[in-house]
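Hi,

Here is the structure I promised to pass on. Have a look at it first, and then read on for what turned up.

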Amino acid sequence: MKHLVFSVATLLLCASQGLALAAPEITVSAQDQQAVSVTIYNKNLALVKDRRHVVIPQGVHTLAFREVSARIKPETVLLHSGDLRILEQNFEYDLLTPHSLLHKYVGREVSLVKRHPATGEDQMVPAKVLSAGDGVVLQVGDRIETEAVGRLVYPDVPANLRDRPTLTMLVDSTTPGEREAELSYLTGGLSWQADYVAELNAADSQLNLSGWVTLTNESGARYPRARLQLVAGNVNVVQRDIEARAMTKDALPMAMAPAPQAMTEEALFDYHLYSLDRPTDIGEKQKKQVALLQADGVACRKEYLLAGHDYYYTAQAGEIGRKMKVGVFIELINDTASGLGMPIPGGIVRVYKKDGSGFLQFVGEDKVDHTPEKETLRLHLGDAFDVTADKRQTDFKKIEGGGRYNYAFESAYSLQLNNAKDEQVTVKVREPMPGDWRILDESLPHRKESANTASWQVTVPPKGKTALTYREIGRASCRERV
């Protein structure tokens, strides 16, 4: 019985191999392409749907799809074409190069062409390739040569070498004739990112926002007149399918020219899909920028922020800092009332403003995450030059408990804000308060933003100074000290 099973299996294997070898190959090239659509995700991943015209006789044949992505994920391939039955598929990426051709001819005969030193005529000498590892080893007659002078001539190209990455499919067609075949697959090497350019008005109360999508194609294929769609959101991908190779450097932002045409947006599952309403060519090894959005007169506000730390609240600190930096932020609401009101894909926002002569100057940039509609978009543009702060702890004492990690304390602080500008500024002072805390005394009223955060709005006159003092009581615990 074992011999019978083995014999049947052997016959089936031989039959399948013979079938594959006997099946004639039908080339399906880019010239047969009828339409292509590309959906690009955030994690260096894209879905390609490639529709091509094919003519298949009845019976078993091999379809060779050329000009597919060199970074195709073969396990994700789907082929839709009527009654075709797929028996086998292979992704062949052993490409024809001088090095690969030489390796295929190890153990086989080639011709070594040498030029006669006296006559200058080419002489063709039979040679056998013995090795093509670290250099070439040839057998020429009864000699072994390692640095043969001349060029090698090959009789043909091995069938398993391709000039382009090729996806081959062994298919069985019950009916002959012309048909449309749609090849779908996931591939690496295609990615996109959003870049934004914003121009602030003179009062820093409004901005004009242009959004661009930068596509990077390193997939080893081109996609002419493609229907382009982009998915914003974190689509889960199994780790082994993620390409580890890093993408090239970010593209330079477009100039301040407004985006001429926006992409349409729609919800897709728990993500957002952006579609270009015209076909576009995605070239091989190309960075392409496509207009995403254009919004003028978007309401915004500027904020000066001095953010503190919690380390000096539970111990003696003395002088905390002099000429401390005050951050400059621009904040806007992503809603229709402010002039936006669409889901914003994450990316880098670069902000410009005109100087006194009317020339645009770069004033800062920040990276933002995906921002849904009606959420706040906040940009940290840098630190103010003319607005600084001096801060010190004026008092500290333990009032209950003598332990190292569990005690009540009382501390006091003095903060002086300095404004060298010719205009009044308002600085938000935000302090993280560890443990259970309470403000005992203060020169300006505070706002409790959260369980461990207090903030003050401090107005500083032009060319002037404003002092903020406060005293607080709190409790340090083991949890805060770890």
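**The pockets**

Strand E14 (190-200), strand E23 (347-354) and strand E24 (360-368) each give at least two residues to the lining of the second largest pocket. E14 is the top contributor there, with four residues. Before going further, please keep in mind that this is a predicted model.

The second largest pocket holds about 250 Å³ of space. It has 13 lining residues, and those closest to its centre are Gln-193, Ala-194, Gly-346, Gly-347 and Lys-367. Sorted by class, its lining has four nonpolar, five polar and four charged residues.

Now for the largest pocket, which has a volume of about 360 Å³. Its lining is made of 16 residues, and Asp-204, Lys-302, Tyr-304, Val-328 and Lys-421 are the closest to the centre. The largest share comes from E25, with six residues. By class, you will find eight nonpolar, one polar and seven charged residues in the lining of the largest pocket.

Lys-353 lies in strand E23 while Asp-204 is in the loop between E14 and E15, so the pair ties together parts that are 149 residues apart in sequence.

How many salt bridges does the structure hold? The count is 26. One of them joins the side chains of Arg-151 and Asp-122, at 3.7 Å from N to O. Arg-151 belongs to strand E11 (residues 151-153) and Asp-122 to strand E8 (residues 122-131), so the pair ties together parts that are 29 residues apart in sequence. Arg-151 is partly exposed, with a relative accessible area of 46%, and Asp-122 counts as partly exposed too, at 42% relative accessibility.

There is also a network of salt bridges, which links Arg-301, Glu-303, Glu-331 and Arg-378.

**Cavities**

The structure holds two cavities of 30 Å³ or more. The largest cavity has about 40 Å³ of space. Which residues line the largest cavity? They are Ala-198, Leu-207, Leu-209, Leu-332, Val-349, Leu-377 and Leu-379. Its lining has seven nonpolar residues, no polar and no charged ones. E15 and E25 each supply at least two residues of this lining, and E25 is also the strand that gives the largest share to the lining of the largest pocket.

The second largest cavity contains about 30 Å³ of space. Around it you will find Tyr-41, Asn-42, Lys-43, Leu-45, Gly-233, Val-235 and Val-237. Here the lining divides into four nonpolar, two polar and one charged.

**A sheet to look at**

Last item: an open sheet of four strands, in the order E1-E4-E12-E6, with mixed pairing. Its edge strands are strand E1 (25-28) and strand E6 (85-92), each pairing on one side only. On average, neighbouring strands in this sheet are turned by 25° against each other, direction ignored. E1 pairs with strand E4 (residues 59-65) in the parallel sense, over four bridges. To find your place in this part of the sheet, look for Thr-27, which stands opposite Ala-64 in E4.

Cheers

Definitions and conventions: Residues are numbered from 1 along each chain as its sequence is written. This is a predicted model: local features need pLDDT of at least 70, side-chain atom pairs count only at pLDDT 80 or more; totals for chains, interfaces and linings use all residues. Side-chain values use heavy atoms; hydrogens and water are left out. On a 1 Å grid over the protein atoms alone, a cavity is a set of points where a 1.4 Å probe fits but cannot get out, and a pocket is an open set with protein on both sides within 12 Å along at least five of seven lines; lining residues have an atom within 4 Å of a point. Grid points are joined across faces, edges and corners, and a volume is the space filled by probe spheres set on the points. Ala, Val, Leu, Ile, Met, Phe, Trp, Tyr, Cys and Pro count as nonpolar, Asp, Glu, Lys and Arg as charged, and the others, Gly among them, as polar. A salt bridge is a side-chain nitrogen of Lys or Arg within 4 Å of a carboxyl oxygen of Asp or Glu. Buried means under 20% relative accessible area, exposed over 50%, partly exposed in between (1.4 Å probe, protein chains only). Two strands pair if DSSP finds at least two bridges between them. Axes are lines fitted to C-alpha atoms, for helices over the stretch in contact, and angles run from 0 to 180 degrees between N-to-C directions.
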